[in-house]
Amino acid sequence: MRRLAVLIALCPLALAAGAAAQRTQQVVLPGPVPYPTDSPPLVGGGVLANVYLTPGLHVDSAERVSVGVDGTGKPSAIAVEQTLTVHGKGDYQLSVSGPIAHVRRGPGSQSEPGFRTDQVLWAGFSPGTKRLSARVELRVPPAAPYLPLRLHLTREDGGVTLRITNATATPVQSYEGVVRPREIAKLLDQTRRSSLAGKRVKAAFATFLGEVRVPERPVRIEAPLRVDGELRLPGGEPVRFSRVLGDGQPLSFEVHAQGSGKPELDLEARTAPVVRLLRPPGARTWEAAIRRRPIPPAKLLSLLIGARFRLVRSDQFQTFLADPDADGRSSAVYDYTVGAAAPRQVAVPDRSGGGSDTLLIVLVVLGSVVVAGGGLVAWAHS
Amino acid sequence: MRRALLLLACVAVLAAGCGKSSRSSGGDVVIAVDVPVTGSPYVAQNIRHGVALAANNLNSGGGIIVGTHSYHLKVKLYDNHLSARQAVEDTRRALDAGAVAMVTDGTGIDATWQLANREHVPICITYDGGSGLVDIAKRPNVFRIAPTNHGIAFRYAEYLIPKGFKVGLLHDDSAYGQEGAADVNRAFSENPRSVAVRLTLPFGATDLSPQILRAKRAGATALLVWAQPPTIAAVLTAARSIGWNVPVYTSPTGSDPFIRQQLADHPSWVDGLTFAGGRLTAEIGTGPFQAFESQYESTYGTDKVGVKTAGGQPVIQPPELAMYAYDFTHVLVAALTRAGSLDASKVLSALNEVTTQGANGDERGFNRNNHEGVVDDDVYFARFHDMTYAPVKDDPLSSTLPVIPQTP
């Protein structure tokens, strides 16, 4: 009996020693790059002109994408008002690619945009800061598939029904393994802070004990979108709506407006932070939550990877047209109206914080490749 | 016998196979240069040399390849005598000679562009910065590689107004002076308080004392002179001879050797003269421009100004105008290559889609929205001291630019 008791007492120790002997590896978590799909940002057909930025110069991009839809909700016109703000003193030569039909100077621009096949060109000297604004009209068939929302308008007796669907959902390859709950909780808190602050997710690693497994079925993630707007018909009351599509909530919803005649729609969509999925249960932080009540590490990891993928996808939709500076801060707002696409004024982002580091992004990408390659080798030998 | 014939046939086939593949020669591609050889020889010579230098370089490398043929560039020179009527005649002759493009100082462009446009032949201005000469909607075949009056005028406004000057805006009554004055007036129109007086000076007058005195009495604390070189020299003479050391700013003509030649006996009168121009160097440094300059000088010799520094060194003029003509020739060749044909409309269209590296290291090219090869941002200011000039230090762009050596 004593022997048995000793044996039972030793078992956990033996298991712990075994776990300690297990190989640990640092695995790169999703973000800030690469994006899950090639576009957005849009890509044009021509050969992209040389890009030159004096070292130390940074370019921020603010876009307002105006989408005109027809009577069924299908895009019929797409225009982007893109404002690039060059920060720093020196020469710049930039090009922005896309399926571009026409380009003209935007409001407040301090320079004239050039236009070549599928390219907007900017060249000049920034004395400290420079605003470059262009109104870019896009060819609808190649640009429409990359819009973040699908609209569907249907006529019904006495009114019209609008179905709005988040079209950013895409499959991504996730991974699983044995992780340390405290570390993952800490990373969840960091990611949550970035999300709430509207900052680009920063590169991060997690420690895996033993092998990293790739689930057979990819995970579907989306860029959460906040959609605000109003639908009205002549003779009827306007119907206002405000929803978040994604972040654990449905990816589509319907609104119905009473009346007759041509529907009028005023809809604004922008990426929303991941809030619901990153809310710690019963505590202010994830670290506090797991101290209060254990949460399975696999669940924590799944939440972390899913949230980071969503933030990366959100970041991707901040540049419908590319920011020529990969390190620049970008923002995009999408307006949908029935009829022609008429852009509103673009709000230029403040450069007081956020952003990321090009070198860091490059290192993370390289790191991802190395880790993925290492993982593949380890998996092949396991 | 049959064996010998078979052997010969094999040798012939092998010889054909080993032969160096070469494109068939298509002959000459003519570039017409229409410049005021007898009206403004310095400008004419620089433009002509720029085109010829580029053509010689390309020809010495075996010519240019357009589609399946190789061609040699041939430069045909016409003298427009600074006369629009002569420019029209020159354009007709150039088109008859099959020119694929014309390079001009800008003389008579208001009349010549239509003739060339009928044949879809591009014209490139490499000197005159007048507004309206290049209009992408109305004149789709007109291009320019030279600083624009509009760009220079607005750069002057943003440079001078913050200094708190009361500026005397002076121009002569030449076409050049009047065109520039229109842009200067527009640029200063939003700040009328910074303008002390506006005066028109008679072109060719050697004594401008009454006008300069008037500017002084109007309270001018700086003069911005848009005029031909003799007028600028006369303004300096009038101001300095009465002891008025007012800062003088000028159009790009301020760098013309004529002014220094005229004032060679009073080099201190030239000191401080500031002119605007297109930057000669890119951010990457002086290397590319000096390489071009050295090539230019080894072919044509140095452009001597005809004055010396206080140390006795002869002063030479950097080949700025030649650089613009040289660059256009390269852009044209890039367009010919892209078009893959000598079809004029295809070449004209291709000119909107190509970029080459200019002689100063900057990218040079046009696009569908803009036929200006020198962007307004590239206008810099340089100030004379001891008969040579250097970029000013109190302008963000100019302060980043290195000094181009102007003595041997």
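This is a predicted model: local features need pLDDT of at least 70, side-chain atom pairs count only at pLDDT 80 or more; totals for chains, interfaces and linings use all residues.
Asp386(B) is partly exposed, because 19 other C-beta atoms lie within 10 Å, whereas a buried residue needs 20 or more. Although not a glycine, Asp386(B) has a positive phi of about 55°. Asp386(B) sits in the loop between strand E16 (379-385) and strand E17 (388-391) of chain B.

His120(B) also shows a positive phi, near 60°, and is a residue other than glycine. The loop that holds His120(B) runs between helix H4 (109-118) and strand E5 (123-125) of chain B. His120(B) counts as partly exposed because it has 15 C-beta neighbours inside 10 Å. Most residues other than glycine have a negative phi, and most peptide bonds are trans.

Chain A holds two cis peptide bonds to note. One runs from Gly31(A) to Pro32(A), with omega near -5°. Another joins Ser39(A) and Pro40(A), where omega is about -5°. Pro32(A) is placed in the loop between strand E1 (24-28) and strand E2 (52-53) of chain A. Pro40(A) lies in the loop between E1 and E2 of chain A.

Chain A contains six helices and 18 strands. Of its 382 residues, 40% count as buried. Among contacts in chain A with a separation of 6 or more, 79% link residues 24 or more positions apart. The mean pLDDT of chain A is 86, and 83% of its residues reach 70 or more.

Chain B contains 13 helices and 17 strands. Its C-alpha trace spans about 105 × 50 × 35 Å along the principal axes. Buried residues make up 51% of its 408 residues. For chain B, residues 24 or more positions apart supply 67% of the contacts with a separation of 6 or more. The domain assignment of chain B gives domain 1 (25-147 + 321-377) and domain 2 (150-278 + 379-400). The C-alpha centres of these two domains lie 31 Å apart. Nine residues from domain 1 of chain B and 14 residues from domain 2 of chain B form the contact.

The largest nonpolar core has 119 residues, of which Ile31(B), Ile47(B), Val51(B) and Val103(B) touch the most other members. Helix H12 (residues 320-339) of chain B gives the largest share of this core, 13 residues. Another core, of 57 residues, lies apart from it and includes Ala187(B), Phe188(B), Ala222(B) and Val307(B). Beyond its neighbours within four places in sequence, Ile47(B) contacts several residues, including Val33(B), Val35(B), Val103(B), Leu321(B), Ala322(B) and Ala325(B).

Helix H11 (residues 287-300) of chain B has 14 residues, which should span 20 Å at 1.5 Å a residue; its end C-alpha atoms are 20 Å apart, in agreement. The buried residues of H11(B) are Phe289(B), Phe292(B), Glu293(B) and Tyr296(B). Down the axis of H11(B), these residues fall within an arc of 100°, so they line one face of the helix. They pack against helix H2 (41-60) and H12 of chain B. On the other side of H11(B), Ser294(B) and Ser298(B) are exposed. Gly301(B) follows H11(B) and has a positive phi, near 85°.

Conventions: Residues are numbered from 1 along each chain as its sequence is written. Chains are lettered from A and ligands numbered from 1 in the order in which they are written. A nonpolar core is a set of buried Ala, Val, Leu, Ile, Met, Phe, Trp, Tyr and Cys residues joined through C-beta atoms within 7 Å. A residue is buried if 20 or more other C-beta atoms lie within 10 Å of its own, exposed if 12 or fewer, and partly exposed in between; C-beta atoms are placed from the backbone. Helices (H or I, at least four residues) and strands (E, at least two) are DSSP runs, numbered from the N terminus. Two residues are in contact if their C-beta atoms, placed from the backbone, lie within 7 Å. The expected span of a helix is 1.5 Å times one less than its number of residues. The arc is that of the directions from the helix axis to the C-beta atoms. pLDDT is the predictor's confidence in each residue, from 0 to 100. Domain bounds come from an automatic or database domain assignment.
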